[in-house]
Amino acid sequence: MLKIENLHAEIDGKEILKGLSLEVNAGEVHAIMGPNGAGKSTLGYVLGGRPGYEVTAGSVTFDGVDLLELEAHERAAAGVFLGFQYPVEIPGVSNVQFLREALNAQRATRDEKPLSGGEFLKLARGQADLLGMDYDMLKRPVNVGFSGGEKKRNEMVQMGIVNPKFAILDETDSGLDIDALRVVGDGINRIMRAPDKAVLLITHYQRLLDYVEPDFVHVLADGKIVRSGGKDLAKQLESEGYVGIAA
Amino acid sequence: MLLDLPSTREESWRWGDPAAIAAAAGLPRGAALDADAWFLDLPGARALFVDGVLDQGRSDLRHVTMTAIHGGEHALGRRTTGNGWSIRVEANAGVELLQIVHIATGGENQLPAEIVLADGARASVVETYVGAGWSNRSTRMALGKGAKLTRAVRLLQAGGFVSLRDEVEIGAEASLIVTVLGAGDAGTRIDGAITVTGDDAFAEYGGALLTRNDQRQECAVSVRHAALNGQSKQIWRAVAADKSTASLAARVEVARDAQKTDGVQSLRGLLLQRTATVNLKPELEIFADDVKCAHGATVGELDQRALFYMQSRGIPHAKAQALLTRAFVGDAFVQIADETVREAFVADADAWLERAL
């Protein structure tokens with residue numbers, strides 16, 4: 001589904017990704033772990049198409065399409081979802097309006113008919129219910145006044161509504177208490193655990209992986225994947241730290 | 001054409017554009033636009049003015065009369081002295097909404113107006129300006145004790161210039177809400193002097209100016225508190241694209257005896273391109289010692305993080321810009337109580353965004 005080869009990327013002239021290669025197949029959950037500054041969030045932003053991140057070498061294909069050639073909104077329409085470490089507050093734009101615009105824009109890019117107001121509200125209400133988010137929060141401005149946990153829960157509601165093929169989740173577990181972690185973990189499993197879908201979980205800690213069991217774990221250090229293994233690698237990292245493994 | 005207007009060396013005309021007014025006055029006359037498209041679907045009285053002249057056949061004046069009105073001493077207002085429209089409402093009475101469409105076909109046109117509300121009286125007015133030319137208006141408003149006036153003004157002329165001179169006196173416990181939207185391609189000057197003369201009164205005067213290409217729009221409005229316990233709000237938003245200039249000068253004066261005044265002033269500008277200009281001048285002159293006057297003035301660009309967040313969810317860049325800009329402008333429309341009028345303002349702003357982005 002996703003094939004990254006020898007990816008080099010820089011921001012403000014500073015190289016952050018230094019030859020990263022990774023292949024994710026449909027039906028798989030991959031976890032990327034690594035120390036601060038290794039380039040984990042940069043990988044997410046490069047895949048999402050954030051301006052300012054310049055790819056200097058390498059390639060990324062998604063379902064056979066050159067992902068790097070697509071605009072950020074086209075990547076979303078192609079089925080890529082980027083869950084933010086710090087979801088952005090948007091005063092004056094309600095969650096409902098934002099999500100309906102987003103979903104219908106994606107559908108328009110894919111030449112599908114827009115959902116009516118009624119159809120959309122039913123879908124949004126259903127997803128909010130499944131994630132234990134109060135429906136009233138959908139009417140509020142996007143993420144404004146939300147706690148850290150509510151923002152992450154909102155990311156999952158958004159993911160449920162747009163129903164992507166591939167999700168890159170950047171530290172979705174940060175700022176969550178144990179109950180919220182379980183809800184978010186359940187959400188990821190419910191929305192993304194399917195034979196035709198895949199997930200790239202970017203995380204610092206093992207704890208999210210107790211809820212969302214990865215098929216593969218990779219260690220990212222200094223812009224490259226330095227080690228790959230199964231879910232036991234995460235446990236080993238938790239007990240031994242990155243120092244020995246990443247060296 | 002030489003017009004006897006103040007020079008830009010005068011502080012209150014610092015961002016004024018007398019040359020654009022003269023150019024607008026010199027525009028050749030053309031055919032009038034279709035008026036029906038500009039009236040909102042609301043019951044009430046209707047007046048259509050073409051180049052400042054009442055079109056009796058297509059108006060339904062009801063409580064509105066035409067009468068001789070003095071436009072005041074102000075440089076813009078005094079030019080309007082002559083026959084104009086008038087609403088006078090008796091004590092404790094309410095009148096239906098009045099909608100006015102002003103169509104300009106070229107050249108200059110002048111029109112004075114007055115709205116006089118006796119104690120406890122209520123009125124609302126919606127005005128829409130379309131066409132091209134120089135439309136110059138003065139409106140004198142006087143609110144008796146406990147009177148309520150709402151006025152919404154849509155400046156949608158495709159060319160030329162619209163200048164408004166408002167002079168208002170607000171009596172005790174009375175309430176004034178004026179909202180102006182500049183979303184056409186004409187130059188604009190909104191010139192207002194609001195005086196709170198009675199205790200416990202409320203004045204809200206604000207709106208949004210949206211400019212593009214090399215257009216210039218400005219407001220220069222002062223609210224003077226001369227009585228106890230008054231509240232005022234000046235919420236203005238400016239959005240400037242291309243090489244345009246939007247200028248907001250808002251002033252609050254609190255006289256020595258106007259204790260317990262509560263004033264809010266919020267001037268915010270958004271630059272859609274770095275070639276555009278937003279000028280903001282919040283002014284406070286306070287002589288009383290027990291007052292609260294909040295004020296804020298900021299100019300910035302759209303939040304790049306929010307833009308990327310929206311794009312990452314599938315919203316194309318231009319649409320994301322439009323949603324964020326609309327949210328920014330929306331702050332200035334919240335006080336419009338009538339849903340149809342508020343929706344018209346939002347639709348006007350959306351139409352502008354379609355053209356500008």
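User: In this predicted model, how are α4(A) and α6(A) oriented to each other: roughly parallel, roughly antiparallel, roughly perpendicular or oblique?
Analyst: In this predicted model, helix α4 (residues 117-130) of chain A packs with helix α6 (residues 148-162) of chain A at an angle of about 135°, their axes being 9 Å apart. Angles over 145 degrees would count as roughly antiparallel, and those from 65 to 115 as roughly perpendicular. The orientation of α4(A) and α6(A) is therefore oblique.

User: Is the crossing of α4(A) past α6(A) left-handed or right-handed, and what classes of residue make up the contact?
Analyst: On the α4(A) side the contact is made by A:Leu123, A:Ala124, A:Gln127, A:Ala128 and A:Leu130, which meet A:Val157, A:Gly160 and A:Ile161 in α6(A). By class, the contact of α4(A) with α6(A) holds 6 nonpolar, 2 polar and no charged residues. As for its handedness, the crossing of α4(A) past α6(A) is right-handed.

User: Where is B:Glu173 found, and is B:Glu173 buried, exposed or partly exposed?
Analyst: B:Glu173, which has a positive phi of about 60° although it is not a glycine, is found in the loop between β10 (161-170) and β11 (175-182) of chain B. A residue would need 20 or more other C-beta atoms within 10 Å to be buried. Because B:Glu173 has 19 C-beta neighbours inside 10 Å, it counts as partly exposed.

User: Which loop of chain B holds B:Lys260, and what is the phi of B:Lys260 near?
Analyst: B:Lys260 lies in the loop between β16 (245-254) and β17 (262-271) of chain B. With 16 other C-beta atoms within 10 Å, B:Lys260 is partly exposed. Most residues other than glycine have a negative phi. B:Lys260, although a residue other than glycine, has a positive phi, near 65°.

Terms used
Residues numbered from 1 in each chain as written. Chains lettered and ligands numbered in written order. Predicted model: local features only at pLDDT ≥ 70, side-chain atom pairs only at ≥ 80, totals over all residues. Axes fitted to C-alpha atoms, helices over the stretch in contact; angles between N-to-C directions. Helix = DSSP H or I, 4+ residues; strand = E, 2+ residues; numbered from the N terminus. Parallel < 35°, antiparallel > 145°, perpendicular 65-115°, else oblique. Left-handed = near helix turned anticlockwise from the far one by under 90°. Contact = placed C-beta atoms within 7 Å. Nonpolar A, V, L, I, M, F, W, Y, C, P; charged D, E, K, R; others polar. Buried ≥ 20, exposed ≤ 12 C-beta atoms within 10 Å, placed from the backbone.
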